[in-house]
Amino acid sequence: MNNETKGNGAVQPHDASAAGSPRPEEFRCAWRLILLGAPGVGKGTQGELLSQRLGICHISTGDLFRAAGNRKGSEQTPAMAEAVKYMRHGDLVPDSTVWDLVREQDDSLRSRVGFLLDGFPRTLPQAELLKNFMDQEKLPLGAVVDYEMPESEIVFRLSGRRICAKCKAVFHVTWRPPKNEGVCDECGGRLYRRDDDNPASIAIRLEAYRHSTAPLIQFYRNLGVLAPVNAVGSAEEVYARTIVALEARA
Ligand code: AMP
């Protein structure tokens, strides 16, 4: 994974010519994408693959909050310190804090190569703020990929998930165990369990998804941009389905 991560957790586009197909020039224009779906469906993994291979900016609000959480207390704004508390508990961060954070990614949002939003928007007010901004700035939204997965599979994935601290590769204690416990097969980095991948936080996150995020499916269906994708399967299988769904919209 050779994304260039800025200090704050945002990721700039790659040299897509070095990555696998398809290449950005094969597409109609800049892609402006949103990845929707419950926690654990693999948005982060697909976000990495899509941003690498399409050469677009990857904006993950979860990564931005985690990067803020890793900063020393004195380097955090009060709003950010509060956001980190919500995140650790599994609750959604207040809309105004999330929107401020997203607006800080102005260069990526206006980038001529396009962007991919992973984990944002998660509530109707966030979706409306984004829509008003994009309408005002004349930035057309290409597609909203909605990753679908049964809830039992989601709980299984989240409860055994381990992530590489260095390259963000995702493992699972039974489904995809690393060769050496606690060590990433890809880069030798340390594997960790996310603070919010515990049973209590998982239940809160899934309830937040059902209550606040699922209504966005209808919101984007009404706008004619929804692209549902079955998220069960390997990362490459899901990636291939995503590309088919995007090509159908190109
Ligand atoms: P994620 O990595 O996308 O699962 O996000 C991790 C956590 O960050 C979430 O459980 C929320 O606490 C917080 N978060 C990330 N994105 C948002 C958002 N768009 N709205 C509210 N909270 C968010």
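This is a predicted model: local features need pLDDT of at least 70, side-chain atom pairs count only at pLDDT 80 or more; totals for chains, interfaces and linings use all residues.
Which helix gives the most to the lining of the second largest pocket? The answer is H4, with three residues. Residues are numbered from 1 along each chain as its sequence is written, and side-chain values use heavy atoms, with hydrogens and water left out.

The second largest pocket holds about 200 Å³ of space. Pockets were found on a 1 Å grid over the protein atoms alone, as open sets of points with protein on both sides within 12 Å along at least five of seven lines, using a 1.4 Å probe. Grid points are joined across faces, edges and corners, and the volume is the space filled by probe spheres set on the points. The lining counts 13 residues, with Arg71, Thr77, Met80, Leu101 and Glu104 closest to the pocket centre; a lining residue has an atom within 4 Å of a point. H2, helix H3 (78-89) and helix H4 (95-103) each give two or more residues to this lining. Helices (H or I, at least four residues) and strands (E, at least two) are DSSP runs numbered from the N terminus. By class, the lining divides into five nonpolar, four polar and four charged residues. Ala, Val, Leu, Ile, Met, Phe, Trp, Tyr, Cys and Pro count as nonpolar, Asp, Glu, Lys and Arg as charged, and the others, Gly among them, as polar.

Ligand nitrogen atoms lie 2.9 Å from one of Gly119 and 3.0 Å from one of Val93. Taken alone, the ligand exposes 480 Å², of which the protein buries 96% (Shrake-Rupley method, 1.4 Å probe).

The whole structure contains 18 salt bridges, each a side-chain nitrogen of Lys or Arg within 4 Å of a carboxyl oxygen of Asp or Glu. One of them joins Glu82 and Lys85, at 3.7 Å from N to O. Both residues lie in helix H3, three residues apart, about one turn of the helix.

Two backbone features fall in loops. The peptide bond from Phe120 to Pro121 is cis, with omega near -5°. Pro121 sits between strand E5 (114-118) and helix H6 (124-136). Lys138 is not a glycine, yet has a positive phi of about 55°. Its loop runs between H6 and strand E6 (143-148).

Notes. A polar contact is a pair of N or O atoms within 3.5 Å; within protein, one must be able to donate a hydrogen and the other to accept it, and residues adjacent in sequence count only if both atoms are side-chain atoms.
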